[in-house]
Amino acid sequence: MAPTVALAGNPNSGKTTLFNELTGSRQHVGNYPGVTVEKKEGTYVRIHDGFRLHIVDLPGTYSLTAYSLEEVVARDFLVDQKPEVVINIVDASNLERNLYLAIQFLEMGIPICIALNMIDVAKKRGIKVDAQKLSSLLGVPVTPTVARSGRGKMELMDSAAQIVQEPHQVTPLKISYGADIDPVLSEMEKEITDSDFLTDTYQARWIALKYLESDEQIIRKGQKANPDLSNRLKEMVRKVSHHLLNTLDTYPEAMIADQRYGYIKSILKQGVIYHKYDRNRLYSSDRIDKVLTNRFVGPLIMLAVIAGLYHFTFTYSKVPVGWLELFFGWLGSA
């Protein structure tokens with residue numbers, strides 16, 4: 001069977017467009033077992049040597065914490081199916097936000113390569129990204145792509161194929177989460193390692209992070225596997241949560257997210273990204289969003305659109321409906 005490559009990325013990052021470009025007609029759509037989330041699979045065949053890869057298009061997700069069904073499905077696939085490599089599609093014009101998912105892949109110790117997609121959009125916005133610099137800092141291949149046109153597709157798949165053909169042990173990324181969380185994280189990691197607590201499936205440090213992020217799915221699995229240790233871990237989380245709430249008015253999951261974004265910013269500041277225009281400049285989509293998502297005007301616009309659709313449907317549909325009735329009446333008599 002061909003090695004499996006998973007496509008992952010934020011919604012609207014061009015992930016499905018790239019999937020269609022890679023697989024063409026060699027794809028099929030179904031559902032993940034037991035859920036209504038769509039499952040897309042296909043085959044990529046390299047032209048010059050016929051090397052085949054089984055491509056799975058994971059649901060669009062912003063993180064790997066189980067806040068939504070899509071995130072649970074994506075994470076379970078990565079953990080249970082263990083694809084040989086994950087291609088993480090990131091929007092080059094929104095790099096900071098999109099790299100949040102990539103950082104979590106690296107923390108899990110998953111082999112990835114990054115498709116720096118929509119570089120044409122980034123260029124129009126005056127954003128220049130140094131792909132080689134980003135690759136060097138993250139320690140993974142980074143390939144500029146334009147999924148719409150297929151630009152960079154061959155280079156991206158060559159990078160993925162190289163990871164598949166030359167597998168190596170991936171060292172999970174370790175980020176410092178500050179003086180309040182790091183000591184607790186280390187203590188939890190030690191207890192998890194000493195007890196072999198879910199470590200046959202997950203990294204010990206990653207399990208500790210999920211407890212700190214109040215990940216219900218992992219906590220439920222922990223309760224089944226070792227209730228005593230799970231309760232001790234939850235007590236550690238409760239104590240650090242209480243401390244953070246009293247001293248910084250925040251929670252562990254918020255602190256972890258802030259530190260991840262801080263890590264991403266530290267990478268981008270090392271000559272990875274250059275803005276030709278003012279970073280606060282509003283683009284057309286931003287100006288439209290400021291109106292459509294306004295807390296007062298937005299709901300009124302939504303109601304006006306719905307009312308307009310109903311009015312159009314029930315008022316102006318009479319003519320085409322009449323045509324259809326005449327056609328099928330004639331067809332029935334004929």
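This is a predicted model: local features need pLDDT of at least 70, side-chain atom pairs count only at pLDDT 80 or more; totals for chains, interfaces and linings use all residues.
Which residue just after α3 takes a positive phi?

Residues are numbered from 1 along each chain as its sequence is written, and side-chain values use heavy atoms, with hydrogens and water left out.

**View A. Helix α3 from residue 95 to residue 108.** Helices here are DSSP runs of H or I with at least four residues, while strands are runs of E with at least two, and they are numbered from the N terminus. The 14 residues of α3 reach 20 Å from the first C-alpha to the last, close to the 20 Å expected at 1.5 Å a residue; the expected span is 1.5 Å times one less than the number of residues. Look for L101, where α3 bends by about 25° (the angle between axes fitted to the seven residues ending there and the seven starting there). Just after the helix comes the answer to our question: G109, with a positive phi of about 80°.

View B. Buried means under 20% relative accessible area, exposed means over 50%, and partly exposed lies in between (1.4 Å probe, protein chains only). Among the buried residues are L95, N98, I103, F105 and M108.

View C. A search of the whole structure finds seven aromatic pairs. Rings of Phe, Tyr and Trp (its six-membered ring) pair if their centres lie within 6.5 Å; planes under 30 degrees apart count as stacked, over 60 as edge-to-face and the rest as tilted. Y100 and Y261 are stacked, at 4.7 Å centre to centre with 20° between the planes. This pair links distant parts of the chain, with Y100 in α3 and Y261 in helix α11 (residues 252-268), 161 residues apart. Y100 counts as buried at 9% relative accessibility, whereas Y261 counts as partly exposed at 28%.

**View D. Y202 beside W206.** The ring centres of Y202 and W206 are 5.1 Å apart and their planes are at 20°, so this pair is stacked too. Y202 is buried at 6% relative accessibility, and W206 is buried at 3%.

**View E. A ring cluster.** Here, ring pairs link F327, F328 and W330 into a cluster.
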